[in-house]
2 protein chains.
Amino acid sequence: MHPDGPRILVVGATGAVGREVLAILAERGHPRGWVVAAASERSAGGEVPYGREAVAVVAATPAALGGVDLAVLAADTDVARELAPRLVEAGARVVDNSSAFRLDPAVPLVVPEVNGDLLAAGGARLVANPNCTTILLLVALEPLRRAFGIDRVVVSTYQAVSGAGLAAMDELAEQTRAVLDGRAPEPRVFPEPCAFNAFPHESPVDPETGLNEEERKLIREARRVWDDPDARIVPTCVRVPVLRAHAESVVVTLRAPAREDELRDALAAAPGVRLVDDRAGGRFPTSLRAAGGDDVLVGRLRPAPDEPLDGEGRARSFCLWLAGDQLRKGAAGNALQLGDLLLARG
Amino acid sequence: MHPDGPRILVVGATGAVGREVLAILAERGHPRGWVVAAASERSAGGEVPYGREAVAVVAATPAALGGVDLAVLAADTDVARELAPRLVEAGARVVDNSSAFRLDPAVPLVVPEVNGDLLAAGGARLVANPNCTTILLLVALEPLRRAFGIDRVVVSTYQAVSGAGLAAMDELAEQTRAVLDGRAPEPRVFPEPCAFNAFPHESPVDPETGLNEEERKLIREARRVWDDPDARIVPTCVRVPVLRAHAESVVVTLRAPAREDELRDALAAAPGVRLVDDRAGGRFPTSLRAAGGDDVLVGRLRPAPDEPLDGEGRARSFCLWLAGDQLRKGAAGNALQLGDLLLARG
């Protein structure tokens, strides 16, 4: 590592996640001189914001990739598959935010709050960042999984458009303005109009199982992070006209029955989780309340109303509602947490 | 009944549901002269649209309520409690869209496609219209309930703002414009900003159970319509920035195992339901696709991925996604279906 701090490369620096990585690095006070912002040759040559300053965007060619301590790849799978091995070979630690390596048995798939200990032994050079929806769900469930075990998770998502990138965020704004002005929305990024519309996640639907690719990712990645190939996850992934935070409605069935206050205590003590659950004041997680923050907000915790409590006031099924910033904790924030672990334990 | 057709009174004619009742009557070609539009004294004196024409709005005083064959009450519970008995006494059939009589054992609570036979014997003078969320869910589930029985329903809703009235629809438009112009949204109808935000339903949360009032309505009303006081419903009710159609993500556990194609056949044949489930083409129910229509759109039907199919390809738990126009089938349309039944069987 360089004496003045790690030299950090961000590939995909002009995209929604790449910009967020740079924003977090600038917030942390990471020196601008120790950041390399790279993008496709088409996007290279300009600048991207770095806090109140800016950094030049270079082309993500091999020449630009030398002398890097940590690389955060926020690009598509093809770019990740091409660049990650070269970066590792050149001595860098690499965090990939694409799905390229998420199911590769040689590459750990890590949510720091859940299975960060996979990186404790050191030696890992490439680590994969799960899908945003998976990260938010697993961070919220981890204290319950540790304390009581989890038998089944039914989850319906309320996903922001930011998961589909900056163009999708622009599309939501443009379409919304069009509708308010009495014009027809023009779908480009999404197959359906996104303004004032809730619609199933746009990823392809498997003709056999009926699951869309987002749902399949959620199942596969949760099983891998939990190291439990039989984990029972029943997901429905949906887009809503929200800019950058995902929300999820969850019914979790525990292995061991528990009292609601025991779940509350576990959630309140968990890293990365913030309980927002004021029944009297009507204050709960919302997409907007989560936007811009690093915590997964959890609230509306209650026993499923169809199961009577046992003699000690315990239940096995609980409902909860969570919200988290898709770009921060769901992508850029988790990736940088992984980068910290790689550099510290490296 | 009058020789030229029933004389229909709409109370709450200036509200979102009242306007929709008038729109449907006009579509049907019901003569304008046989409609009385009434509202609070504050709203009386103006006009409301009646197709391409308009009708005068009179004050909902007892004097205005005579000589009515059918009254549709789209007002609040206090108005309903005051007017319904008088209208019945004056000889009218009354459909109430408020929650005033929904749990009154003397008043049938009816979704025509589900328990319309309650009105078959005739003689009913007052009937209650369930909550919009309940109606849409029960219409979609009815073919499955009849064919296979239902053991448990887990449902997360994506509710349009129209359920909170015209002021809420205006608020969504105003707040959205404000956010796009860089101004802060000003919540008035809802406790949270509704523009670009998903937030738990705004009804009060019961301090004991943690359920909000919308969720309690859904449980109580479904049990009453199904005439099954132990029916297992696990709801989470959420608002999304959508104008007028609700969507719902449902996991239904059947009493008897069934094949997916058997469910499809049952849904395809069901009144009030339209299957929209094109996996290859990516075409499914959405809020916008349901808006303005009378059907409940159902799609994304698939077995829950955590339960292996039995030897005959059958499963007990299925996921599905539905969308329906909250103002039409969820309120005004169902109310007029009930009115038809009352007049035909009366």
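Modeller: Two strands count as paired if DSSP finds at least two bridges between them, and helices (H or I, at least four residues) and strands (E, at least two) are DSSP runs numbered from the N terminus. This is a predicted model, in which local features need pLDDT of at least 70, side-chain atom pairs count only at pLDDT 80 or more, and totals for chains, interfaces and linings use all residues. Residues are numbered from 1 along each chain as its sequence is written, and chains are lettered from A and ligands numbered from 1 in the order in which they are written.

Biologist: How many bridges join strand β12 of chain B to strand β15 of chain B?

Modeller: Strand β12 (residues 245-258) and strand β15 (residues 315-325) of chain B run antiparallel. The number of bridges joining β12 to β15 in chain B is 10.

Biologist: In what order do the six strands of the open sheet in chain B stand?

Modeller: The pairing in this sheet of chain B is mixed. The order of the strands is β10-β8-β12-β15-β14-β13.

Biologist: Which strands of chain B stand at the edges?

Modeller: An edge strand here has a single partner strand, so one side of it is left without a neighbour in the sheet. In chain B the strands at the edges are β10 (232-236) and β13 (273-275).

Biologist: How far apart do the C-alpha centres of domain 1 and domain 2 of chain A lie?

Modeller: Chain A is divided into domain 1 (8-130 + 331-345) and domain 2 (134-326), with bounds that come from an automatic or database domain assignment. Their C-alpha centres lie apart by 25 Å.
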